[in-house]
Structures are given as structure tokens and as C-alpha cells.
Amino acid sequence: MPVTVLLVDDEPLVRAGLRAVLEAQSDIEVVGEAADGAAVIPLVRQLRPDVVAMDVRMPLLDGIEATRAVLRTVAEPPKILVVTTFEDDAYVYEALRAGADGFLLKRARPAEIVHAVRLVAEGESLLFPASVRRLAARYGDDGRPARAVLERARLTEREEEVLRLMARGLSNAEIAARLVVGTETVKSHVSAVLAKLGARDRTQAVIAAYESGFVAPG
């Protein structure tokens, strides 16, 4: 089955460009478009996309609030890929903290756009880990809430090791090779880390690791 994508951006040319790039791939299908975040929830419920590629800045409802709304109201929410002009934008970091799974630059090359959609859909790697680290260093909060989450989680020594490797952007297969264990074992550890942290996905777990000081973002 192809990865299905909903495009949300107030610029028609951006939507047209993304559609052209993505629909050139046999394993990706664009199932709909919207010009503002206010239209996202009904379209998500109707179309059930795997991924929403969503502009972070829109006139009525921006990507941050739209992300929060989708995660709050949709029972099985799609992956959310924030589309942005500037990678060091505070809006991008707020969208990631709100639950977005990654971000994509509007100036990205076609191959990078396709890779981002596939990677977010799979959910087994962190998209642009170095950029997420820089955003956390620049815009992270005082760390007290995240530290409390880490303390309550009581991660095992192996789970802590897996979280550190996740923060470096390693995939499940790469973590398995580093720890000399099976991929299924790593998947079990990752699932345990996410559950204990109350994180929706790897991105939120890594942000918690940075903001708590468990992993240094700088």
C-alpha cells in the first residue's frame, strides 16, 4: 500500500510543487489538499492519510495549533510533517513539542522531500537529528517538566542507552548493530521508552531527553 499524504499550505504553488514531487513516486499518493490548518481535522477524518505535510505558518490556524487539534481529537492520528521556510524557526520547535513528527524545508530537494515523507511514515528514525538538537539548544524550556518526566519514567540502563542512540538519530537497525542485539529487541526497548515517557514518537522522546538534560542538546 502506498503512503498517503495530505498537503496543507496556504500557498498554492507550494502545494503544487509538493504534489508533483510526491506523486512521481510509485509508493506515495497525495490524497488531498487544504489551504489552512482549520480544514485539517475534517480532511484527516475523511481521508485517513498516513502523513500530513503541514505549513507551520498559516493565516487562520497555524501548524502548531493544527497539530495539537489533530492529536487531541483524532483517535488514530496521522504522522505530521511540518513544512517550513526556516529550520531555526521557534515555530518549528513549538510544532515538534506539540507533537509533530518532523519538519521539512520548503527549499529541500525532491529526493529530500520524498525521504522525509517515507522516514516519518515508517517512524523508525529521527528526521534531521542535528537540526532537532540545535532547536532544542536554542528554544528548549527550563527543563523542570522534562526532568520530572524522566525521573518518573525510571528507565532501565539499556533503555537509557537506547534513548541516547535515538537522540543521535540512529534507526532501529543501526541501534541493533551498535548494541549487538536483534532489531525486534530494539523495537521492544523503543516501545518501552516511549510508553514510560508518555511520548507519541521518537521526536517527542528525544525532545524530552534534551530538555531534561539527560542528553546535552548542544
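Analyst: Contact, or touching, means heavy atoms within 4.5 Å. Residues are numbered from 1 along each chain as its sequence is written, and the side-chain values use heavy atoms, with hydrogens and water left out. The model is predicted, so local features need pLDDT of at least 70 and side-chain atom pairs count only at pLDDT 80 or more, while totals for chains, interfaces and linings use all residues.

User: Happy to start there. What does threonine 84 touch, leaving out residues up to four places away in sequence?

Analyst: Threonine 84 touches Val56, Asp89, Val92, Phe103, Leu104, Leu105 and Lys106. Threonine 84 lies in strand E4; helices (H or I, at least four residues) and strands (E, at least two) are DSSP runs, numbered from the N terminus.

User: Why is threonine 84 called buried?

Analyst: Buried means under 20% relative accessible area, exposed over 50%, and partly exposed in between (1.4 Å probe, protein chains only). Threonine 84 has a relative accessible area of 1%, and therefore counts as buried.

User: What makes the approach of threonine 84 to phenylalanine 86 a polar contact?

Analyst: A polar atom of the threonine 84 side chain lies 3.2 Å from the backbone oxygen of phenylalanine 86. A polar contact is a pair of N or O atoms within 3.5 Å; within protein, one must be able to donate a hydrogen and the other to accept it, and residues adjacent in sequence count only if both atoms are side-chain atoms. The 3.2 Å value therefore falls within the cut-off.

User: How do you know that E4 and E5 pair?

Analyst: Two strands pair if DSSP finds at least two bridges between them, and strand E4 (residues 79-84) and E5 have four bridges, in the parallel sense. As one example, leucine 81 has glycine 102 in E5 as its bridge partner.

User: Is aspartate 101 buried or exposed?

Analyst: With a relative accessible area of 7%, aspartate 101 is buried. Aspartate 101 sits in the loop between helix H4 (90-98) and E5. The side chains of aspartate 101 and arginine 200 are joined by a polar contact of 2.5 Å.

User: What makes the two phenylalanines an aromatic pair, and what kind is it?

Analyst: Rings of Phe, Tyr and Trp (its six-membered ring) pair if their centres lie within 6.5 Å; planes under 30 degrees apart count as stacked, over 60 as edge-to-face and the rest as tilted. Phenylalanine 103 and phenylalanine 128 are 5.6 Å centre to centre, with 50° between the planes, so they pair and the pair is tilted. The pair links distant parts of the chain, 25 residues apart: phenylalanine 103 in strand E5, and phenylalanine 128 in the loop between helix H5 (110-122) and helix H6 (129-139).

User: What makes a set of residues a nonpolar core?

Analyst: A nonpolar core is a set of buried Ala, Val, Leu, Ile, Met, Phe, Trp, Tyr and Cys residues joined through side-chain atoms within 4.5 Å. The largest has 54 residues, and Leu197 is among the members that touch the most other members. Helix H11 (residues 202-212) gives the largest share of this core, six residues. Another core of 22 residues lies apart from it, and includes Val21 and Val120.

User: And why is arginine 154 labelled as it is for accessibility?

Analyst: Arginine 154 has 70% relative accessibility, so it counts as exposed. Arginine 154 lies in the loop between helix H7 (144-153) and helix H8 (157-167), and has a positive phi of about 50° although it is not a glycine.
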